[in-house]
Amino acid sequence: MTPSQTMHTPMMQQYLRFKSEHPDRLLFYRMGDFYELFYEDAKRASRLLDITLTARGQSAGAPIPMAGVPYHALEQHLVRLLGRGESAVIVDQIGDPAASKGLVERRITRIVTPGTLTDANLLEAKRDAPLAALVHEDGRAGVAWLNLASGQMTLTDIALADCAGTLERIEPAELLVVEDAATPAWRGMAAAVHALPAWHFDRATATRALARQLRTVDLQGFGVDAAPLAVGAAGALLAYASATQQSALEHVRALHVEATSEFVALDAATRRNLEITQTLAGEREPTLYSLLDACASAAGSRLLRQWLTQPLRDQARVAARHGAIDAMRTASHAASSIAAALRGSVDVERVVSRIALRSARPRDLAGLRDTLAVLPRLAQDAAALDAPLIQGCMRDLACDPRWHALLARAIVAEPAAQLRDGGVIAAGYDAELDELRNVDAGCAAFLLELEQRERARTGIAALKVEYNRVHGFYIEVTRANAERVPDDYRRRQTLKNAERYTTAELAAFESKALTAQERALARERQLYDALLDEFAQAIAPLQQVATALATLDVLATLAERADALRLVRPRFQDAVGIAIEGGRHLVVERQVDAFIPNDVVLETSRRLLVVTGPNMGGKSTYMRQTAVIALLAYAGMFVPASRATLGPLDAIHTRIGAADDLAGGRSTFMVEMTEAAYILNRATAQSLVLIDEIGRGTSTFDGLALAWAIAHRLATHNRSLALFATHYFELTALPSEIDGCANVHFDAVETKNRQGPGIVFLHHVEDGPASRSYGLQVARLAGVPGDTLRQAQRYFARLDKFNVRDDAQHDLFAAPATAATNAVERNDPSDLQARLAALDPDAMSPRDALAALYELKRLASGDS
């Protein structure tokens, strides 16, 4: 039997009424010093939070499951729930339990979901937690996302196939989709996904709601014609966010329609392979972001993350960032001063959102006051830096000084954490509040004076006048002196060794003092609310201040990182191409003792490089560092190289590594081919493409044929700038067939010592194809047993006997040799030479050596 089918006490009826409004969320119901959960919520919370599951009362003859957490520990439990994608509803006691007759009044005070957080205790300081919504039709998708902590709303219409990459870039904490919508775009995402009825995404309703929110007649001024589908998605997320906050979203005052041509495209695979914000193992470091993030403020760290994950295509905008970093490096004293000032600043962006949502706490306002106080100094430091981007920040810092003056008058230097504790509004701000506080402040003096008078009047030296929250003010006399109390004393409480009394005078003072405390707290709340109301006018300019502070923080940080990590300013050109001298991989070089820089030149006449060489020789690092340098350059950052010049870039595509998708029913090879198809269907002449070891997941000849065809299409059809790493040496013949292709390779040197043969990787790129892969040598380094290596060596010799290569490169798809030709080649002396060269005496046992000797004799005699 369900809870709704049974009879309940008034309290449980109240609980079920709240629960019926939010059936899919965990409901925390305040009861005294605990927040309790009941029925299935209690069972889920017990599993998720590892709290004790108990029972309270009965329903239909069965105990009602119950679990609870102390009220002071609620926040830490909410953090754990939100991290698991759960949402919660908080029901608080509004009425006074002591004064209430019957059921205590309660109401929903908060709804917390992963994508609608604004509370500093629940939000990750250095990472945004946006709420996104997605709707699609006819192969197109509309995506809208709202960062409730900053008020930024963005819309875009994209191809449905691009949804996964877009969502990975946005990194939503919560995603709203249409019920029964059959699309896998969000499959495997870390975001909490909520399905809503289709009417939530109605475009006409959304247009009206957005116009009301933005206080405009229509949306034409925002360019929404470029994203009609996303308008419906925006309407759904706006309604959802408003419902969770239970208030208007006053700080959401604009929307931005994003064009696909605005950013350098990074698909989901590329974001993973380049380890921008997360390693391939899912760790937060070492990554590009962890290495570059030395920001003084959390807002700066969030903006740096945004720049890294959303590189711009517009070279002028990117160059403006480079110029600002250059200016910071030139005037290092000003940059250091800016960083020092920002180190103590509050997160203005998030404080402003809480002011707009009327959830700002006293210390938020105190922090805002202190941050506004340093704006003149920051503007003065910025004025010394000659860069348009920095000058724009300086103009945005010119906030009306009356806001700082107001906070300086209104808020005490160190306010209480919660308004309910009092001590928030400064003395002298309000005469009525000061008067009420004076009554309360005079309490101690009155009690001391009364105590002295009563001791003199009664002759009881041990008499005390005291106060506690339960019994209020009282006169305490020991049991031995009880007979000496005056007749006007009225007994209030009897203890084991003492009696407590009150008098008419004390009772009158108690009424006045306690009333003054309550009235002072009420007045303080009234003044605080009025302060928030007044600051509603300052939301827009304060948002500009927040953006300027974060931008200055990022620029100062990147200037410092450029010096610390030996980075240089990249240059741009109009012609398509990439030329890097002394390129390095920022993350890898921090993990090794000595990193060897390498050059790369990609241009129209040299647009596809076939990269060969041994495993562990440096091919993958070489490819990744090229992409990382291009990414950093277009993110507006300096790059790890001696010199770097880049032409226009519209996308970076990668096909690196091997992984299956068991949940999606896709094998390793299927994933590989899907990623290759995505690249071949989207890469342009302005795209940078990295292909590493494609074709390994199937038979040798299938893989070789596919690798050849993919490289051929990239070079002739897509004409992209491409690095194509392979162990198929047949592909090194491509430059002889296709203009614009070239071979480069990494080499290694074999060594011999007491422990046996070894190998030294040179990690330096050279023109031309590699001669060997050194697979067996790498296997030895990996610890493969010696007998297995010897067996592999023998089998390699057998294979090599039937596939002897001379120095010339053969055409993979040339006509097959005739039987007569094969007959001549079968007894060619090169068979003997090849077999002899393949022998490794140090790896052979005596028995193997004898067998090899007999085989050499047979080959020398021409015996078949």
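1. Helices and strands are here DSSP runs numbered from the N terminus, a helix having at least four residues and a strand at least two. In those terms, Gln 246 belongs to the loop that lies between helix H6 (228–245) and strand E12 (255–257). The model under review is a predicted one, and the points below should be read accordingly.

2. Backbone of Gln 246. Although Gln 246 is not a glycine, its phi is positive, at about 55°. The residue has a relative accessible area of 42% and is therefore classed as partly exposed, since that class lies between the limits of 20% and 50%.

3. Backbone of Arg 566. A positive phi of about 60° is also found at Arg 566, again not a glycine. Arg 566 is placed in the loop between helix H20 (539–564) and strand E18 (571–572). With a relative accessible area of 53%, Arg 566 counts as exposed, because the cut-off for that class is over 50%.

4. Cis peptide bond. The bond joining Glu 285 and Pro 286 is cis, with omega at about 5°. Pro 286 sits in the loop between helix H7 (268–273) and helix H8 (288–292).

5. Overall dimensions. The chain has 864 residues and a radius of gyration of 37 Å, whereas a compact globule of that number of residues would have one near 29 Å. The C-alpha trace spans about 135 × 65 × 60 Å along its principal axes. The chain contains 30 helices and 27 strands.

6. Burial and surface. Of the 864 residues, 50% are buried. The accessible surface of the chain amounts to about 41,000 Å², and carbon and sulfur atoms account for 51% of that area.

7. When contacts between residues at least 6 apart in sequence are considered, 68% of them join residues at least 24 apart. The chain carries 93 positive and 105 negative charges, and the mean positions of the two sets are 4 Å apart.

8. Strand E15 and its partners. Strand E14 (residues 464–468) pairs with E15 in the antiparallel sense over 5 bridges, and a hairpin of 3 residues joins E14 to E15. In this pairing Lys 464 stands opposite Glu 476. E15 also runs antiparallel to strand E17 (residues 498–502), to which 4 bridges join it.

9. Ile 390 is part of helix H15 (residues 388–396). Its relative accessible area is 0%, so Ile 390 is buried, the limit for that class being under 20%. Neighbours within four places in sequence aside, Ile 390 is in contact with Ala 324, Ala 327, Met 328, Ala 382, Leu 385, Leu 552 and Leu 555. One of these, Leu 552, is 162 residues from Ile 390 along the chain, yet the two C-alpha atoms are separated by 7.1 Å.

How values were computed:
Residues are numbered from 1 along each chain as its sequence is written. This is a predicted model: local features need pLDDT of at least 70, side-chain atom pairs count only at pLDDT 80 or more; totals for chains, interfaces and linings use all residues. Side-chain values use heavy atoms; hydrogens and water are left out. The radius of gyration is taken over C-alpha atoms; the globule rule is 2.2 Å times the number of residues to the power 0.38. Buried means under 20% relative accessible area, exposed over 50%, partly exposed in between (1.4 Å probe, protein chains only). Contact means heavy atoms within 4.5 Å. Accessible areas come from the Shrake-Rupley method with a 1.4 Å probe; for residues, only the protein chains shown count as cover. Lys and Arg count as positive and Asp and Glu as negative; His and the chain ends are not counted. The place of a charge is taken as NZ of Lys, CZ of Arg, CG of Asp or CD of Glu. Two strands pair if DSSP finds at least two bridges between them.
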